Amino acid sequence: MDNTEQYLTVTALTQYIKRKFDVDPYLGHVYLTGEISNFRMRPNAHQYFTLKDDKAKISAIMFKGAFNKIKFRPEEGMKVRVRGRVGLYEPSGSYQIYIDSMEPDGLGALYLAFEQLKAKLAKMGVFNLPKKPIPMFPKKIAIVTSESGAVIHDIMTTVQRRYPIVQLVLFPAVVQGDAAAATIVERLKQINEIGDFDTIIIGRGGGSIEDLWPFNEEIVAEAIVQSKIPVISSVGHETDTTIADMVADQRAATPTAAAELATPVLRDVLQHIQDLNSRLYVAQNNLLSNYRKQVQKYSQNVFLHHPERIYQVYLQNVDMLENRMQQAVSRQLNKHKEELWNYENQLVRLSPQGQINLDKNYVSNYVQRMNMTITSMINNKRNYFSKQAAALDSLSPLKTLSRGYAIATDDQGKVLKKASDYQKDQSINLRVVDGTITAVTKDISEENNG
């Protein structure tokens, strides 16, 4: 019997289990503690990682909206406490926890975020940047704080008492809550855009770390560092220290202290000016008195009564210098003459004229010997040529012809040497010493020499 109805598809089973997860009240609100693993920060996106302890682990997801609310940055290996719900992810059939909130286990989230940001800024070298000096005599001071708090009242009271001639301008800002950091940054940018302020004071009264947290935000620290106007930070009480205090150009323990750092005491300034004026008057009188004494002293000087004595000393000095100059010039001329004489002697010793004369004699002798050798060679060649010409002449046929002999040739120029070379009535040419004779053979007789 076929029981196919008893079999479920994987999808059906997964959907059934998912519904069990979704309706279980214990899985809808789960509080877990564990160690973060496989965490890779994904900017402006959902975060996927694992929570584990010594014996088990569970996949975790934290959607972007929930992740952006936490104050610290999760790190690999960090032990945390999370709140969320456990559900089943159908495509893979695996269960996971969907985290709504997270905080460090054993350490406050805000304190951890504070330490993380401080370490980050220290690594960037922000705390080592040169501090801008606070102007000693400001004309306008910008104040960034709540318009209803005690901070502005304390600053106004202190400034009115110390330096009432300065102008205070309040830039109201939210100094507590989620919107506070953005408001503070906006006010700092606004003051820098206006640009005619000498000093900026930012601050608020005391409170918990949560209340002071806007002054620990990175965007506030960045705005303070980028400010072209020096910033005095006065946040909380004397024992409270924020990131804003660390990056500001000056840190004041209280708003009253901030006002004191930003302004001098006008009464002291006026007293100092009066003291300087008195000292200047006394110094000027002393200077005039000294000048009078010097003038009186110079008026009794002998040179004023006999001014010619002033230049007499210079005339004598000029004569002395002139003599010294002439002596020095004479010494230099003698020195140069001696050097020239030495150089002339050296040139004479090193003159190439002697070598040139020797070379000329050598060349002349060599040319003479060469001419004699060539003449001898020509004579030898002439004698040799005469002998060879005589020998050749003795062997010349013309020599033989001059003794009465003739050379017979036929019409083709063939030399007829023997009787057998001739034919009867043959026309022959006879070559004699001074010409050619044409003859015809009449008779041929051969001699027997054997």
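Predicted model: local features only at pLDDT ≥ 70, side-chain atom pairs only at ≥ 80, totals over all residues.
Some ground rules. Local features need pLDDT of at least 70, side-chain atom pairs count only at pLDDT 80 or more, and totals for chains, interfaces and linings use all residues. Residues are numbered from 1 along each chain as its sequence is written, and side-chain values use heavy atoms, with hydrogens and water left out.

Elements next. Helices (H or I, at least four residues) and strands (E, at least two) are DSSP runs, numbered from the N terminus. Two strands pair if DSSP finds at least two bridges between them.

Strand β1, residues 30–37, runs antiparallel to strand β2, residues 47–52, and three bridges join them. Isoleucine 36 has leucine 51 of β2 as its bridge partner. β2 then pairs with strand β3, residues 57–62, again in the antiparallel sense, over six bridges. Lysine 52 stands opposite lysine 57 in β3. The link from β2 to β3 is a hairpin of four residues.

Now the five-stranded sheet. It is open, it is parallel, and the order is β7-β6-β8-β9-β10. Which strands stand at the edges? β7 (167–172) and β10 (250–251) do; each has a single partner strand, so one side of each is left without a neighbour in the sheet. Strand β6, residues 140–145, runs parallel to β7, with six bridges between them. Isoleucine 141 stands opposite leucine 168 in β7.

What packs on it? Contact here means heavy atoms within 4.5 Å. Axes are lines fitted to C-alpha atoms, for helices over the stretch in contact, and angles run from 0 to 180 degrees between N-to-C directions. Helix α6 lies across β6, β7 and β8 (199–204), at about 140° to β7. Helix α9, residues 255–262, also packs on the sheet. α9 touches β6, β8, β9 (231–235) and β10, and its direction makes about 165° with that of β9.

Stay with α6, residues 180–194. It packs against α7 at an angle of about 10°, with the axes 9 Å apart. That makes the two roughly parallel, a term for angles under 35 degrees; over 145 is roughly antiparallel, 65 to 115 roughly perpendicular, and the rest oblique. From α6 come Ala181, Ala182, Ile184, Val185 and Leu188; they meet Ile219, Val220, Ala223 and Ile224 in α7. By class, that contact has nine nonpolar residues, no polar and no charged. For the classes, Ala, Val, Leu, Ile, Met, Phe, Trp, Tyr, Cys and Pro count as nonpolar, Asp, Glu, Lys and Arg as charged, and the others, Gly among them, as polar.

α7 turns up again at the largest pocket. A pocket is an open set of points on a 1 Å grid over the protein atoms alone, where a 1.4 Å probe fits, with protein on both sides within 12 Å along at least five of seven lines; lining residues have an atom within 4 Å of a point. How much space lies in the largest one? About 760 Å³. Its lining counts 26 residues, and Ile70, Lys71, Phe72, Arg73 and Glu218 lie nearest the centre. α3 (64–67), α4 (109–124) and α7 (218–226) each give two or more residues. α4 gives the most, four. The lining splits into eleven nonpolar, five polar and ten charged.

Last stop, the three-stranded sheet. It is open and antiparallel, in the order β11-β12-β13. β11 (407–409) and β13 (435–440) are the edge strands, pairing on one side only. Neighbouring strands are turned by 30° on average, direction ignored. Six bridges join β12, residues 427–432, to β13. There, asparagine 429 has threonine 438 as its bridge partner.

Technical notes:
Points joined across faces, edges and corners; volume = space filled by probe spheres on them.
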